[in-house]
Amino acid sequence: MSGKIGKSGMDSVNGKNRTGGGLTHLQKGKGHKNWFSVDKTFDVVNLVLMVVMLLVFAWPLWFVVIASLSEPGAVYRGEVILFPKGITLESYKAILEYKQIWIGYRNTILYTVAGTLINLFFTICLAYPLSRRKFMPKKIIMTIALITMYFGGGLIPSYMVVRGLHMTNTIWAMMIPNALSVYNMLIVRAYFLHSIPVSLEEASTLDGANPMQYLLRVVLPLSKPVIAVIALYYMVGHWNDYYSALIYITDQGLRPLQSFMRDLLVNNSITRVTGGSLSPEEMQAKLYLAQTLKYSSIIVATVPMLVVYPFVQKYFVKGVMVGSIKG
């Protein structure tokens, strides 16, 4: 009798344990399912937000492209929204026939190439000594450099300095006043300081290399990523610079591309009639063409930088993030 009772009691206990274990398993499964639902909801909401942001940022760029290729009348009437209508290259033909565009291209390429080389020269010449631990006046020079990031003389004193140096209406007015960016110099300095081992300098010294040889033969070859990134920063700055020309340049033969683009976008100067009279149909055609000229001119001015960017894109993470995080 006691054996049967004991066996029955044990079966009851085991049944309760199995039942309890089953409930616990179900509860765990239910919790896992809820957690999966929350996770899935977050992914869906996140995806929707990313798509909306993509449309907000990408649609204006896409519209510039399709508007530049569309029939001018369709653009003027607002019929171009997602796809081009009546594909034509009329606006691009008009831009290529505009002589000032080629003058602007020539000047901008000159300012971009020469200005970037000047920027890199001054940036490296300041960043390298400030990255040396044994360079005694580096704290004073660093303090002076940082002050210039927060305080400036202003427009009128800057113009007076440029005019006093006889640089107005010269190519140097587009390159010398902004020859050094302290922000970019700090990035290069941080890269020199933290990404190049001190042991390389010691080994170079033992081999008989002087500081200039160490800089040219060791530091610069190892700093190609950060130099490529900083060069792109400077190139984009020079390519998009129209404000300096607006202040310092009055000679039409020295104006950069962006100055002509500004006139084109703001004043529609390319459509101005210099003589004779136009019929109502011709005036309407000019009015329609002015709309697509704005968009095609943006494409013409942007393409060179879009071509250069892929060649230095691979250096961005290594060149900027390493220097900024450790600096």
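What follows is a conversation about helix packing and aromatic rings.

Mentor: This is a predicted model, in which local features need pLDDT of at least 70 and side-chain atom pairs count only at pLDDT 80 or more, while totals for chains, interfaces and linings use all residues. Residues are numbered from 1 along each chain as its sequence is written, and side-chain values use heavy atoms, with hydrogens and water left out.

Trainee: Why are α5 and α7 called oblique to each other?

Mentor: The axes of helix α5 (residues 138-150) and helix α7 (residues 182-195) cross at roughly 140° and come within 9 Å. Angles under 35 degrees count as roughly parallel, over 145 as roughly antiparallel, 65 to 115 as roughly perpendicular and the rest as oblique, and α5 and α7 are therefore oblique.

Trainee: What makes Tyr128 and Phe192 an edge-to-face aromatic pair?

Mentor: Rings of Phe, Tyr and Trp (its six-membered ring) pair if their centres lie within 6.5 Å, and planes under 30 degrees apart count as stacked, over 60 as edge-to-face and the rest as tilted. For Tyr128 and Phe192 the values are 6.3 Å centre to centre and 75° between the planes, hence edge-to-face. Tyr128 lies in helix α4 (residues 99-130) and Phe192 in helix α7, so the pair ties together parts that are 64 residues apart in sequence.

Trainee: How do you know whether Tyr128 counts as buried or exposed?

Mentor: Buried means under 20% relative accessible area, exposed over 50%, and partly exposed in between (1.4 Å probe, protein chains only). Tyr128, at 10% relative accessibility, therefore counts as buried, and Phe192, at 1%, also counts as buried.

Terms used: Axes fitted to C-alpha atoms, helices over the stretch in contact; angles between N-to-C directions. Helix = DSSP H or I, 4+ residues; strand = E, 2+ residues; numbered from the N terminus.
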